[in-house]
Amino acid sequence: MQELNKTLYVVIPCYNEEEVLEETTKRLKEKMGKLIKDKKISNKSKVMYVNDGSKDNTWELIKKINKSEKLFTGITLSRNRGHQNALLAGLMTAKTYADVVISMDADLQDDINAIDEMIDKYNTGCDIVYGVRSSRKKDTWFKKTTAQGFYKFMKFMGVDVVYNHADYRLTSKRVLEEFSNFKEVNLFLRGMFPLVGYSSDVVYYERKERFAGESKYPLKKMLNFAWDGITSFSVRPIRMVLNVGIIIFAVSLLVLLYCLIVKLLGKTVEGWTFVVGSIWLVSGVQMLSIGIIGEYIGKIYSETKARPRFIISENLEEQNAKR
């Protein structure tokens, strides 16, 4: 069993979140205060905002909150790096100060009351606790269908993901220490954490409406995110290309046999439509196959360069420690 009263850091990536940040701060201050008062977490626990190169006043607001509330700290990246890199930056920074870290979004859609149950499960020995949506009643039919299709398709492609789990999770310090050994540039965190192992469990919660602002994940980004997850964790698309190639090769033998028979019967003109259609079909499959293989080659190119996944330009926690 884990020891009680551990230091908790809540890591929250932020990109243009000035509209919601004050309300998020207000609610988390109340929640963290209660957890500290009940001695579920240490009084050294904090909330760490990660500014992902926001174009609005998000970082200025984070610094203002940090000056007035000791419970809140923050880091800012040198430029916008995307949600997954910003989250990773927060996790890798927070593990230096915390025994356990919870990641969540800034828009208040993740139910902060689920934090209590996450900590309870951690105290029973779980190193990873996944926040899982209990239902999608508030989603539109399109959002619900595409989201559920995403998880099913990821499973079909061989990617180990927790169904209806995004990035609301608790991780222990030792999990994050092991996770720091994962060096890939193409990040899909919800698929990477199950690879670490250790004891895990889930907490179900009702996802709420966004408090303010607009979603940072429109359809185009969601599709790109899904494709990144598939190509980062599964070679099944390439195997599917191989299978399609085998099928087309078998069909081409039948077409060759058909052409020979037509030739012997003296009716060569009759197969013109079929031949032209076959050429277009095979050409389309070839272009699709080259595109899929090219996507994997592109990822190999990114990985071999091994560029930094994020650069932290300012860390309020370090600045406060020097004062």
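This is a predicted model: local features need pLDDT of at least 70, side-chain atom pairs count only at pLDDT 80 or more; totals for chains, interfaces and linings use all residues.
Eight of them form an open sheet with mixed pairing, and I read the order as 7-5-6-4-1-2-3-8. Strand 7 and strand 8 (312-315) are the edges, each pairing on one side only.

Then I zoomed in on one pair. Strand 5 (residues 128-133) and strand 6 run antiparallel, and four bridges join them. On that stretch I found Y130 opposite R169 of strand 6.

**Helices on the sheet**

Next I looked at what lies against the strands. Helix 1 lies across strand 1, strand 2 and strand 3, and I noted an angle of about 155° to strand 2. Helix 4 packs on the sheet too, touching strand 1, strand 4, strand 5, strand 6 and strand 7. Its direction makes about 45° with that of strand 6.

**Cores**

Which residues have the most contacts inside the largest nonpolar core? I got L8, I12, L28, V47, Y49, I115 and Y168, in a core of 34 residues. Several elements supply at least two residues each, among them strand 1 (8-14), helix 1 (18-37), strand 2 (46-51) and strand 6 (165-172). Helix 4 gives the largest share, with five residues.

Leaving out residues up to four places away in sequence, I115 touches L8, K31, L35, I102 and Y168.

There is also a second, separate core, with 28 residues. A86, A89, I128 and V132 are included in this second core.

**T73**

I picked T73, which sits in strand 3 (residues 72-77). Is T73 buried or exposed? Its relative accessible area is 1%, so I logged T73 as buried. Beyond four places in sequence, T73 touches Y9, K46, V47, M48, Y49, I62, N66, L316 and E317.

**Cysteines**

Last, I looked at cysteines. How many disulfides does the count come to? I got zero, with a pair of sulfur atoms needing to be within 2.5 Å to count.

Technical notes: Residues are numbered from 1 along each chain as its sequence is written. Side-chain values use heavy atoms; hydrogens and water are left out. Buried means under 20% relative accessible area, exposed over 50%, partly exposed in between (1.4 Å probe, protein chains only). Contact means heavy atoms within 4.5 Å. A nonpolar core is a set of buried Ala, Val, Leu, Ile, Met, Phe, Trp, Tyr and Cys residues joined through side-chain atoms within 4.5 Å. Two strands pair if DSSP finds at least two bridges between them. Axes are lines fitted to C-alpha atoms, for helices over the stretch in contact, and angles run from 0 to 180 degrees between N-to-C directions.
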